[in-house]
Amino acid sequence: MLQVSLHNEGPIRLHAEFDCTRGELLALVGPSGSGKTSVLRAVAGLLQGSGLRGRVSVGNAASDCWFDSAHGIRLAPQQRRVGLVFQHYALFPHLTAIENVALAAHPARAAAYFDELFERMGLAGLQRRRPSQLSGGQQQRVALARALAREPQVLLLDEPFSAVDAPTRQALYHELAALRQRVAIPMVLVTHDLNEARRLADRVVILDAGESLQVGPPARVFASPRNARVAELVGIQNHFQGRFFSGSAADAPGFGRLVWPDLATGAAQISLRVVDKKRLDDGAAVSWVVAGELLDISAQAGAPSANTLACTVREVLPLGEISLCTLVPAQLPSQCITLNLSSAALRQLGAAPGTLLYLQIPPEAVHIMPVRQG
């Protein structure tokens, strides 16, 4: 298991803690400048300095500790069995593909080893070509083969798919999935692409300004952010303020109420039925988000419900098969909810600016977060 605890105040700020088990793929996700690559470089031993503190280890034995500031352990990069794949490949242009790979392998490795490795990576017959004679996808495979030739304890991938076209990216995703079946080592992927993280990773680490804000399975992190900043970083569109009230005698067991006010005037509000997880004080100020995929929209009001909102369509922006639809609740004219909806479904509803539609918000679609005081 890879265990990482890194702290650095400057010039590169880091306060990152996470682990990655054997056979797991962990994605580091965050905006540009969030410290994703710096964390990767620190794990590989490429980022060092007197101010860097913490611990990096890959097992329980003393020899498995690569960095421990408290005990003066600072292994050099060449002493760490790390396979590192860079965004732009970092292949030596004057060397052939096999020569690039051989640089990372043990000197005693025979030609048969490299033939098998190139065959496994879909590079058979390309051993003698230089990088300029290879496509972007083939160069990336060579870079991955070079990382594997080190027989690493950990594989680090620094945005390895961002420089290739969509078909090649799909093929490389397949290669990575197949590789995980063959090589059971911790893999850490740096990406700014939320869809890529959701598709490839077992767990994600949300990074901001070098700090790990939340760690967990992608579906849980993206649907249930820990705080408002995480909600912003994972691209949640609908983020609101309100006040939570725990269940009363009038509420069904396990449910409470979320009061959503009109912030512009304060004169109107909507009371939504929500799940009460018994983690918030009665009357607590909260921020909250909704999972768009759990919302339902219709042209008919249906049965009366506190969670059914009559809304006016403010805007419909078609984006091919998907359209961005902005709805304004009739009771809260200063608020709006934006949904990514099927363009075909919106046409069936006759949705256009000014149309009246009904939005159903299931209690489980609402995720509530406490507002940090001070």
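**Notebook: one predicted chain**

I began with burial: buried residues make up 48% of the 374 residues in the chain. I took buried as under 20% relative accessible area, exposed as over 50%, and partly exposed as in between, with a 1.4 Å probe and protein chains only. The model is predicted, and local features need pLDDT of at least 70, side-chain atom pairs count only at pLDDT 80 or more, and totals for chains, interfaces and linings use all residues. Residues are numbered from 1 along each chain as its sequence is written, and side-chain values use heavy atoms, with hydrogens and water left out.

**Overall layout**

I noted nine helices and 21 strands in the chain. Helices (H or I, at least four residues) and strands (E, at least two) are DSSP runs, numbered from the N terminus. Along the principal axes, the C-alpha atoms fill a box of roughly 75 × 50 × 35 Å. Of the contacts with a separation of 6 or more, 64% come from residues 24 or more positions apart; contact means heavy atoms within 4.5 Å.

**Strand E20**

I looked up the partners of strand E20 (residues 356-360), counting two strands as paired if DSSP finds at least two bridges between them. Strand E16 (residues 296-298) runs antiparallel to E20 and is joined to E20 by three bridges. Strand E17 (residues 308-319) also pairs with E20 in the antiparallel sense, over five bridges. Leu359 of E20 stands opposite Ile297 and is also the bridge partner of Leu309.

**Helix H1**

I found helix H1 (residues 36-44) mostly covered, with seven of its nine residues buried. The buried residues are Lys36, Ser38, Val39, Leu40, Ala42, Val43 and Ala44. After H1 comes Gly45, which has a positive phi, near 90 degrees.

**Cavity**

A cavity is a set of points, on a 1 Å grid over the protein atoms alone, where a 1.4 Å probe fits but cannot get out; lining residues have an atom within 4 Å of a point. The largest cavity holds about 90 Å³ of space, a volume being the space filled by probe spheres set on the points, which are joined across faces, edges and corners. Its lining includes Val85, Met121, Gln140, Arg141, Phe161 and Glu175. Helix H4 (136-149) and helix H5 (166-182) each supply at least two residues of this lining. By class, I read eight nonpolar, one polar and two charged lining residues. Ala, Val, Leu, Ile, Met, Phe, Trp, Tyr, Cys and Pro count as nonpolar, Asp, Glu, Lys and Arg as charged, and the others, Gly among them, as polar.

I placed Gln127 in the loop between helix H3 (111-120) and H4. Gln127 counts as buried because its relative accessible area is 12%. The side chain of Gln127 reaches the backbone nitrogen of Gly125 at 3.0 Å. Not counting residues up to four places away in sequence, Gln127 touches Thr96, Ala97, Ile98, Asp115 and Phe118.

I then turned to Ser57, in strand E4 (residues 53-57). Ser57 is buried, its relative accessible area being 1%. Its side chain makes a polar contact with the side chain of Arg55 at 3.1 Å. A polar contact is a pair of N or O atoms within 3.5 Å; within protein, one must be able to donate a hydrogen and the other to accept it, and residues adjacent in sequence count only if both atoms are side-chain atoms.

Last, I located Ser246 in the loop between strand E12 (239-245) and strand E13 (255-261). Ser246 has 25% relative accessibility and therefore counts as partly exposed.

Notes
1 Å grid on protein atoms, 1.4 Å probe; cavity = no way out; pocket = protein on both sides within 12 Å on 5 of 7 lines; lining within 4 Å.
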